[in-house]
Amino acid sequence: MFHEICKIKNKAWYLVFIFLVTLNCNYKPLFNEEQFGKLNFKNIEISGDKRVAQIIVNKLNIIQKPSGKYSLLVDADKKVVISNKSITGKVLEYSITITCQVKIRNNITMESIYTKEHVNSENYKASKLYSDTINSEKKIIQNTSNLIAKQILNEVSLVLRDDN
């Protein structure tokens, strides 16, 4: 009984110690949404599949300002292919691939500070009702666009990270 109480006390002291060390060591998280929010975008251009590109831009929570010094270019493409058919030729499963080319450019120096192509693919089953299949596709597009937006936020945050 006494040993169990001592073990619990030791664990508590270790947790307090770790907490104090991380509190006092100027820890900065790698991902910081505030850094992306500090970017002032003068221009936001979308091309390709405009619906998918606009979903991604909306997920980034960007505010366009006339005084901004950056431009954001988003070129999105959506490709839906049949990935599985039955012997009779009935479609059983679709595969959707979303490709998004993102470029952030400094308008003053015309230097590109971030350029990357993001590609994500997912499968979904065909439903008996066409409307259910379309709804599944829309849900996949939303989820994949959200994932791409999170990847962009993480990577831009790392690029702009201030290690002072």
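This is a predicted model: local features need pLDDT of at least 70, side-chain atom pairs count only at pLDDT 80 or more; totals for chains, interfaces and linings use all residues.

Q: Is S95 buried or exposed?
A: S95 counts as buried, because its relative accessibility is 11% and the cut-off for buried is under 20%.

Q: Switching to aromatics, how many aromatic pairs are there?
A: The count comes to two aromatic pairs. One of them is formed by F41 and Y70, and it is tilted, with 6.4 Å centre to centre and 55° between the planes. F41 lies in strand 1 and Y70 in strand 2, so this pair ties together parts that are 29 residues apart in sequence. Both F41 and Y70 are buried.

Q: What about Y94 and Y124, how is that pair arranged?
A: Y94 and Y124 are stacked, at 5.5 Å centre to centre and with 25° between the planes. Y94 belongs to strand 3 and Y124 to strand 4 (residues 112-125), so the pair ties together parts 30 residues apart in sequence. Y124 is buried, with a relative accessible area of 6%.

Q: OK, charges now: how many salt bridges does the structure hold?
A: It holds three salt bridges. In one of them, the side chains of K78 and E137 meet at 3.3 Å, N to O, and because K78 lies in strand 2 and E137 in helix 4, the pair ties together parts that are 59 residues apart in sequence. K78 is partly exposed at 27% relative accessible area, whereas E137 is buried at 14%.

Q: Where do E93 and K125 lie, and how exposed is K125?
A: E93 is in strand 3 and K125 in strand 4, 32 residues apart in sequence, and their side chains meet in a salt bridge of 3.5 Å, N to O. K125 counts as exposed at 60% relative accessibility, while E93 is buried at 18%.

Q: Last topic, which residues of helix 3 are buried?
A: In helix 3, which spans residues 50-59, V52, A53, I55, I56 and V57 are buried, and the buried residues of this helix pack against strand 1, strand 2, strand 3 and helix 4.

Definitions and conventions:
Residues are numbered from 1 along each chain as its sequence is written. Side-chain values use heavy atoms; hydrogens and water are left out. Buried means under 20% relative accessible area, exposed over 50%, partly exposed in between (1.4 Å probe, protein chains only). Helices (H or I, at least four residues) and strands (E, at least two) are DSSP runs, numbered from the N terminus. Contact means heavy atoms within 4.5 Å. Rings of Phe, Tyr and Trp (its six-membered ring) pair if their centres lie within 6.5 Å; planes under 30 degrees apart count as stacked, over 60 as edge-to-face and the rest as tilted. A salt bridge is a side-chain nitrogen of Lys or Arg within 4 Å of a carboxyl oxygen of Asp or Glu.
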